[in-house]
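My entries follow in the order in which I checked things.

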Amino acid sequence: MKRLNLIPKAGAGQPFPAKGLFFGRPGLNIVLIVAIFLAALILSQYVLNQQYKWKLTKAKNQSEAAKVQLSRLQTQQLSLSKEYDALSKKKSLLDAKLEYLKLAKRDKPGELSQALVYLPTLIPDEIWINKLLVSRDGVAINGSTLNNQAIVKFMDSLNRSNKFKGSNFNFTKKSEIGDATLYNFEIATNLAE
């Protein structure tokens, strides 16, 4: 029996048979594959690290912006708080004035105005009225005269009228002006009901 060799011999036109994947050394192939894998792993870690750095920088910037915004809002809140306090005080003063006006309206303001219109008819010619203070409790009249008896006459006129009652002296002050004596006084009186 005859044996035939079907494997061709290496010749000039035929390539050498491959012994390994690369350069024919299997150990080198494994090292090369591991190096490529490690390079891919390192590259992916580097990319992830860069992404985290970018996110961290962005978060720091947002945190700084939030701190600046918080500081601005706190300053604005303090300013608004001061303004609120001032407006609250102003409101309470205006409420008190409004309440006074409401009470004055209920207390027959027509009588007060009639009494004030009637007052000049009670003042003697020797008296000058310097100031007139009107309150809920009554009227305070500040004036001056050269005749001390004119003050007594004025108080009697007030008490006899049907518009005023309970007149009395708050004070009398005497001062010298040249040869004349000037009497400054204040009389408190109440409106008749």
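**Entry 1: the sheet.** I began with the strands and found four of them in an open sheet, in the order β1-β2-β4-β3, with antiparallel pairing. I noted that the edge strands, each pairing on one side only, are β1 (127-134) and β3 (164-177). Neighbouring strands of the sheet are turned against each other by 15° on average, with direction ignored. For the terms, I took helices (H or I, at least four residues) and strands (E, at least two) as DSSP runs numbered from the N terminus. Two strands count as paired if DSSP finds at least two bridges between them. Angles run from 0 to 180 degrees between N-to-C directions, and axes are lines fitted to C-alpha atoms, for helices over the stretch in contact.

**Entry 2: what I am looking at.** The model is predicted: I used local features only at pLDDT of at least 70 and side-chain atom pairs only at pLDDT 80 or more, while totals for chains, interfaces and linings use all residues. Residues are numbered from 1 along each chain as its sequence is written, and side-chain values use heavy atoms, with hydrogens and water left out.

**Entry 3: the whole chain.** I listed three helices and four strands in the protein. From the N terminus on, the elements run α-α-β-β-α-β-β. Of the 193 residues, 15% are buried; buried means under 20% relative accessible area, exposed over 50%, and partly exposed in between (1.4 Å probe, protein chains only). The protein exposes about 15900 Å², and carbon and sulfur atoms supply 61% of it. These areas come from the Shrake-Rupley method with a 1.4 Å probe; for residues, only the protein chains shown count as cover. Among contacts with a separation of 6 or more, 53% are between residues 24 or more positions apart; contact means heavy atoms within 4.5 Å.

**Entry 4: the strand pairs.** How many bridges join β1 to β2? I counted seven, and the two strands run antiparallel. W128 has S144 in β2 as its bridge partner. Strand β2 (residues 139-145) is also joined to β4 (residues 180-191) by seven bridges, again antiparallel. In that pair, V139 has T189 as its bridge partner in β4, and I141 stands opposite I187. Between β3 and β4 I found 11 bridges, antiparallel. I187 in β4 turns up here too, as the bridge partner of F169. β3 and β4 form a hairpin with two residues between them, and G178 in the turn has a positive phi of about 65°.

**Entry 5: β2.** I then asked which residues cover each face of the count for β2. V139, I141, G143 and T145 lie on one side and A140, N142 and S144 on the other, all of them buried. In a regular strand the side chains alternate between the two faces of the sheet. Seven of the seven residues of β2 are buried, so the strand is largely enclosed by the rest of the structure.

**Entry 6: helix α3.** Helix α3 (residues 148-160) lies across β1, β2, β3 and β4 and runs at about 165° to β3. The helix has 13 residues and reaches 19 Å from its first C-alpha to its last, close to the 18 Å expected at 1.5 Å a residue. The expected span is 1.5 Å times one less than the number of residues. Its buried residues are A150, I151, F154, M155, S157 and L158. They cover an arc of only 160° around the axis, which puts them on the same side of α3; the arc is that of the directions from the helix axis to the C-beta atoms. Q149 and R160, on the other side of α3, are exposed. The cover over the buried residues of α3 includes β1, β2, β3 and β4.

Entry 7: Is L182 buried or exposed? L182, in strand β4, is buried, with a relative accessible area of 15%. Leaving out residues up to four places away in sequence, L182 touches W128, S144, T145, L146, K173, K174, S175 and I177. The C-alpha atoms of L182 and L146 are separated by 4.9 Å, although the two are 36 residues apart along the chain.

L112 lies in helix α2 (residues 109-118). L112 is partly exposed, with a relative accessible area of 26%. Apart from neighbours within four places in sequence, L112 is in contact with V134 and L191. I also noted 9.5 Å between the C-alpha atoms of L112 and A192, which are 80 residues apart along the chain.
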